[in-house]
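Please look over the structure shown next, with attention to surface charge and to the pairing of aromatic rings.

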Amino acid sequence: MSHTVLLVDDDDRVLNGLARTLRGQPYQIYTVKSGEEAKWVLKSQMVDVVVTDERMPGLSGTDLLAWVAGHRPEVVRMVLTGYATVDTAIRAINEGGVSHFFTKPCNEFELSVVIHKALEQKDRLRREKERSNRASDAAAPLA
Amino acid sequence: MTERILCVDDMADILALLRQLLGQEGYEVVCAGSGSEALEIISSEPPDAILLDVMMPGIDGIEVCRRVKADEKLSCIPVILLTAKGADQDVIEGLDAGADDYVTKPFKREVLAARVRSAVRVKRGYDTIAEMNARLLAEIGERKRREFELARAHRLESLGQLAAGIAHEINTPNQYVSHNLRFLEETFSGVEGVLRAVGLLLEADRNGRIDAQHLAGLRSTANEVDVSYVVREVPRAIRESRDGLRHVERIVRAMNDFSGHDARRKIQVDLPRTIENTLLVCRQAWKEVAEVTTDFDPALPPVWCVPGEFSELILNLVLNAVQAIAEAAREGEARKGRIAVRTRALPGWAEIRVEDNGTGIPEPIRSRVFDPFFTTREVGQAVGQGLTIAHAIVVTGHRGTIRFETETGRGTTFIVRLPMAGVAAKEEEGSLAEVSETA
C-alpha cells in the first residue's frame, strides 16, 4: 500500500531540499506552499503524514494542524519550524495533537526515520483493525 | 526645634542685652563681637536669623549683610539691621545691600522681639520650600532613572524579538543548504559509479578490447542513476544553496549595519540602505502580516544622523505598523496588510514616511501616542515605548519633526522630517512635534 507525505512550507527552497533528501523513501511526496493549499490537498487526496512549517502567511502551521486534527484525525501531524517558542510548541501539542516537533535545521536522517516509524505504526493499526473487522464479520453469521 | 539667632555688635553690653531678651523669647542665641567673627559663624553654622549692628570697626554691618546676601546658600537667612536713630543713610544702604528689616537703637524690647519673630517665620517658610524642592528634585531624578530603565527594557525586548526572527532567517537556509548537500552527496555516489564504469570502458577502448562485460557494468551503474532527475535537480540544488548562503550573508551584514555603529555619533547616512537593512533584520516580524514596499527618492543625498538611532526609529515605526495591521486582521478586516516606506527630498529636509493600512489611530488617543508608556495593548504584552522612543530620536536627537496622518479603519502614515544640514542649522528648542489628522 503506497503512502503519501504532505510537506507544507512557504519557502519553496525548503520544500525542494526536503523533497530531494526524501526522494528515495518508499512514499509519495506532495509539496504545497500554504496552509490553504494543504487543506485543499487533504480534502481531495489520501494523506498519511503532514509536516508543516509554523510561520507562514495566511494560515499558520498550528492553525492548519488544528484543522487537520478536527477533520482528518487519522493523518499524522508534525511541525518543522525555524524558531520554536515554548508557546508555539504547547499550542501545536494541545490544539494540533502533533506527534513530533522538529526545529530547523533538522537532520534529514532523523526526519525520515520519524516519518518511517509513523507510517509503520499506521500500517500496524490498520492491519489490526482489519483483522478485528474480519473476526467480527466471521463471527456475525453464527449469531 | 529651637531657632538660632546670631547677634552681632561690637558693644558687649548690647550683646548681653540681646542674649537675655531673645533667650527669654525661647531662642538659642549666638553672639559675635565683630563682622569677621560673624561671617565665620554664619558660614560654619548658618543661623536662622541675624541681628546685625551697622556701625562696627573693621567689616561693618552693611558689608556683612552684602556678603551673606551674595552667597546663594546663605541668602535666605533674614538679616535685621540695628541702626542708630536718624541714620537714614544707613537704613537705605542696608536695605539696598539686601537686609530684610531694620530696628533703630535704642529699641523697644517688644518691637525687637516681634521683628525677630517675623524674620524667623519667613525663614521657616524658606526652609519648607527648600525641603519640598529637594524632595521634588529627588523624585524627578528617580522617575527619570525609572523611565531610562524601562526604555532600556523595551530596547532589549525589541532586540529579543529581532533575535528570534534572525534565528529563523538563518535556520531556514541552513535547513535546505544541508539537505541539498546531503542530496548532492548521495547523487554523487551514484554518479561516481557511472564515472568509474565509463573510465573502465575508455581504458578497454584504448586497449582495443571492449567486451560485453564492460558494457554490462556501465549499464548496471547507469540504471542506478535517474539521469533526467539528476540533470534537472543538481544545478537547482546548487543554485538554491547558493541563494541560501547569500541570504545568510546579507542578514549578517544587515545585523552588523544595524548594531555595529558607534552608538552616539552622527555621520552621513544613506537612508535607503539603512531602511533596507532594518526591514531585512525584522523581516520575520512583518512577513506574515504584510507586504512591505519601499519607494526612495533618488534625489535624496545622505543625511546627517546617528545610524543606530535611525535604524531604531524605522524599526519602531515598522513594528507599530505591523501591530496596527495585525489588530485590523483580528477585528476581521480581510484586506491584505500593506506597509510602505518612502523617502523624499524637500528643501532643507529629508522626509521619511511609514504608511500602513491597519486600524488607524482612534480619535480619543491621537494626542497620547507619543506619551511614555502609553499603550493600547494588553498590560504585560509590551511597554508602550516604541513611539516615545521614535519621538525622542527624531525631536531630541535630531531636531526633526514627527507627526502622523490617520483615518480610523483605513490606516496611518507617520511622517518624519530630518534637517538636511544637521543639528547646527536648527536652533529651535523643544518639541516640534505636531499632530495633524485627516478625518
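On the surface, Arg124(A), Arg127(A), Arg131(A) and Arg134(A) gather in a patch of positive charge, where a patch takes residues with over 30% relative accessible area and no salt bridge, like charges being joined within 9 Å. The model is predicted, and local features need pLDDT of at least 70, side-chain atom pairs count only at pLDDT 80 or more, and totals for chains, interfaces and linings use all residues. Residues are numbered from 1 along each chain as its sequence is written, chains are lettered from A in the order in which they are written, and side-chain values use heavy atoms, with hydrogens and water left out.

**Charged patch**
- Arg124(A) is placed in helix 5 (residues 108-139) of chain A, and at 40% relative accessibility it counts as partly exposed (buried is under 20%, exposed over 50%, partly exposed in between, with a 1.4 Å probe and protein chains only).

**Aromatic pairs**
- Over all chains, the structure holds 4 aromatic pairs (ring centres within 6.5 Å; planes under 30 degrees apart are stacked, over 60 edge-to-face, the rest tilted).
- The pair of Phe183(B) and Tyr229(B) is edge-to-face, because the ring centres lie 6.1 Å apart and the planes stand at 85°.
- This pair links distant parts of the chain, 46 residues apart, with Phe183(B) in helix 5 (residues 109-206) of chain B and Tyr229(B) in helix 7 (residues 227-259) of chain B.
- Phe183(B) is buried at 4% relative accessible area, and Tyr229(B) is buried at 11%.
- Phe404(B) and Phe414(B) form a tilted pair, 5.6 Å centre to centre with 55° between the planes.
- Ring pairs also join Phe370(B), Phe404(B) and Phe414(B) into a cluster.

Notes:
Patch = residues over 30% accessible without salt bridge, like charges linked within 9 Å, V, L, I, M, F, W, Y side chains within 5 Å. Areas by Shrake-Rupley, 256 points an atom, 1.4 Å probe, with all protein chains shown as cover. Salt bridge = Lys/Arg side-chain N within 4 Å of Asp/Glu carboxyl O. Lys, Arg positive; Asp, Glu negative; His and termini not counted. Charge placed at Lys NZ, Arg CZ, Asp CG, Glu CD. Helix = DSSP H or I, 4+ residues; strand = E, 2+ residues; numbered from the N terminus. Phe/Tyr/Trp six-rings, centres within 6.5 Å; stacked < 30°, edge-to-face > 60°.
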